[in-house]
Amino acid sequence: MIYEEPKFLPGGDRFIEMELGDELNFDLNFLVHSLSAKVREAEIPGLIELLPNMASIVLSYDPDGISFGDLKREILSHYHAMGSLEDIELLSPIYYIPVLYCDHVTRACWEDYCAKIGDKEYDPDLMVRLNDLDGYAQLARIHSGTEYWVSALGFYPGLASLIALDPRCRMTAPKYNPPRTWTPKGTIGYGGSVTCVYPANTPGGYQIIGHTPVPVCDIAQRLPAFKDDLALLRPGDRVRFLPVERAEYDYVESRVEEGNYVHNVARYAKFSIREYHHWLETLDMTERF
Amino acid sequence: MTVAIAVEKAGLETSVQDFPGRYGFWEQGFPPSGPFDMWSFRLANILVGNEPAAAGLECQFMGPTLVFSDDCVIALCGAAMNATLDGAAIPMWESLTVTAGQKLACGFATKGARAYLAISGGIDVPPVLGARATFHMAGVGGADGHALKDGQTLHAIGGEGVPGRRVKEACRPTIANGKEWQIEVVQGPNDDWISAEGIERFLASEWKLQARSNRTGYRLEGPDWLFAEKASTKGPEHGEHPSNILDHGYPVGSINLCGQTPIILVNDAPSAGGFINPFTVPSAAFWKLAQSKPNDIYRFHRISVEEAQEMRRAIDKLCSEKSIA
Amino acid sequence: MRFDEAKFLPGGDQFILVQFGDDGSIDLNFLALGLTAALKHDQTRGVIDTNPSYNSLVVEYESDDISYADLQVELERLIGGLGSVEELELESRLAYLPVMYLDLWTRDCVADYSEKISPREYDPDFVARVNGLEDAKQLVRVHSGTEHWVVAVCSTPGLPLLRALDPRCAITSPKYNPPRTWTTLGAIGVGGLSTSIYTTPGPGGYNLIGRTPVPLWDPRQCHPIFKDRVVLLDAADRVKFVPIDAEEFEYIEARVADGSYEFNITAYQRFSVGAYKKWVASLNADGKF
């Protein structure tokens, strides 16, 4: 649900959590990112940073520059000044990322977990079973069959939360319990109804179903895609995964290592919310890829 | 004017930090990092004539042994680490001259947990993403992105520090030897996920700081939390456990409830995630967290947003020349 | 070259040809498609149909409802209303079409020509060679790496004429001389600056590099997607080819045959010519996939 009025909740002396709603819903996420863009442009004195996420924005402010009450008032006025959600159109770059599904790298990680922490069903098997799929081929087909919307960045540098734009491709997955102590960088994870690419070797709890040699975060900024930024993805971007075979995976990996891998990104499409709503209505929700 | 500093022994986890840390990259997943005890850190800088923001060393539990190749002025504030200069004990909270060749040796923290070493001119490392603060998890900032290593050489800019300056006692954080702390908290943002009884229980209970605590998170041990109805009637996308919420940003200082384990998110903590934050530790109380040791006991004292802001202002005022005798 | 003023030429009593320029510059196609969209929106009286091409648009009209001269005036007005080419934003769906590159069927077709008509190098090797690419695999990478713009749907029903949007993926190749007498149904061919998909097994001259199991037209309208349309693609749509293997090809073929295949087309984007030009200008010409 999108709240009638957003809630402003204190986070200590210098943070406010602004809740715009309480569900996983694109309209809500568009609202979050459009409002964030507007607020950033407004350059409110005393406001230090914004941290938008699925359905909320955490505001970091300087209490000597602006009070809780004044900041709340300012943000609310921008919120109310926003036009209809339907009119929103955002330039949305799309990233094409090659993935080797049910790969050797994540299998090794799962084997290690079973050996050291506890027995666990092989992640792709679990995904197939819980989502009623035919097998690994359909898992790859469904996972790669949709564009994903970058709804938030957070938890770890460069980690983007991706939500399937095509509802027919939304799957579900529980998290590891207890979590893994390590996950190979480039792992494709699925947790709840969110997918991600692990930007570095970190602990994690998502089911691991594939691997990409393409970096999504590069602190050393070695590759051209990271010339101006450390993280590849931004909220409002889209990602499409492309299933590849081992030979192509190895080729991409070697180009990344050589430092001349060219990320595949197209930056000329505007995402239209009105058209997205229309498109959703045309889908036959009983069918799957 | 540059001062070369040989790191003979790095200590337990000594890192370069600057104040207030790294800002502007939160959205890309970078926490602020920066000094945990911002009060002691700034005073150390002021003592040696630096801007309060200048890069200095944060020494945790056991400090480093450093050999200075050039003259400079230093100051050590925060936890007492039985520091010696060429074997002779040196005072805390006071600026002093170090001459070329002298060795500063820090031991284990006796009172408190973290000490801050400021060197005239500030530590000279290249800023990464706008700050010299170290974020070790991503290998960013400080000395090559990590804590100091044995055998490394650091450099300080050097400069016109004045020895013999001292922080008035009343202007220092009170780092007692006791194992109990009263920590201020502001209720929220997600306090409505906890039942009224649960709120009272949190505020009335003793919470033990677990050994597995560090700059990424302070894990607390105590009674179970009691959840409000909202925590179980929420939509499935939030997650199964009552403490699960749709992913959201984490204010720095949040008491993040992971299942039944509260973890205070401090300087290097993750920027966002899927657990609730029923209470937040305000900036002004961070020095207490910084000076705690594993197994210390916390009792939380609820204050308002305005009171928390006042407390912070008061500490900011103390981080100035006014506090120097 | 783009003409300062669009040229209008009669095509018998029912057609008017609007020419924007005389070369294959993609801007001219954007203008033609912009005018197509404007005509549709304007619902100009007397206009029966439109047929865009590389750099021109043929308009079919009913002379009882509007004269040639009046129609020209209307068209001039609409062209004026388009503004500069950079301001154009076109509705543009994105179709993900699975392709088995370097497949056996087109290999057989080429071999058959080589044996019966004139010996020739295996088409993918040939195209790779004349474009300075390492090998056929890199051709696949480059061809599938870019989105392709549907310039027009023409020649035979449903046949899309495609151009690579990413200039780093532009390839050129001479056509068969003499042409083939038959072509594998569903073959992907490249010739000149374009890519085409053979929707009928007739003669052809493009170099064959792969095959898609997905139908692009269906006169009998068996498959649900053809319920409201006869051909799959429209001018101004885009196509992204997704490489698949033989197993996946067979799977898709079976689902097409039983009518359960789910087409993968997103329809929530608007193509921004301005953003496209900016993106093209930002690309490192040396960076190749």
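Predicted model: local features only at pLDDT ≥ 70, side-chain atom pairs only at ≥ 80, totals over all residues.
Local features need pLDDT of at least 70 and side-chain atom pairs count only at pLDDT 80 or more, whereas totals for chains, interfaces and linings use all residues. Residues are numbered from 1 along each chain as its sequence is written, and chains are lettered from A and ligands numbered from 1 in the order in which they are written.

**Exercise 1.** Describe the side of chain C that touches chain A.

*Solution.* Contact requires C-beta atoms, placed from the backbone, to lie within 7 Å. In these terms, 23 residues of chain C are in contact with 23 residues of chain A. On the chain C side, α6 (246–257), β14 (269–272) and α7 (273–282) each supply at least two residues; helices (H or I, at least four residues) and strands (E, at least two) are DSSP runs, numbered from the N terminus. The most is given by β14(C), with 4 residues. By class, this side of chain C has 9 nonpolar, 7 polar and 7 charged residues, where Ala, Val, Leu, Ile, Met, Phe, Trp, Tyr, Cys and Pro count as nonpolar, Asp, Glu, Lys and Arg as charged, and the others, Gly among them, as polar.

**Exercise 2.** How many bridges join strand β14 of chain A to β14(C)?

*Solution.* There are 3 bridges, and the two strands run antiparallel; pairing requires at least two bridges found by DSSP. Within this pairing, A:F271 stands opposite C:Q269.

**Exercise 3.** Give the strand order of the open sheet of 5 strands in chain B.

*Solution.* The order is β2-β3-β10-β5-β8, with antiparallel pairing. At the edges, β2 (15–17) and β8 (95–98) of chain B each pair on one side only. From one strand to the next, the twist averages 30°. Inside the order, β3 (residues 56–60) and β10 (residues 114–119) of chain B are joined by 4 bridges, and B:C59 stands opposite B:A115.

**Exercise 4.** Characterise the packing of α4(C) with α5(C).

*Solution.* The axes of α4 (residues 123–130) and α5 (residues 136–145) of chain C come within 8 Å and cross at roughly 75°; axes are lines fitted to C-alpha atoms, for helices over the stretch in contact, and angles run from 0 to 180 degrees between N-to-C directions. The two helices, α4(C) and α5(C), are therefore roughly perpendicular (65 to 115 degrees). In the contact, C:P124, C:D125, C:V127 and C:A128 meet C:A136, C:Q138 and C:L139.

Terms used:
Contact = placed C-beta atoms within 7 Å. Parallel < 35°, antiparallel > 145°, perpendicular 65-115°, else oblique.
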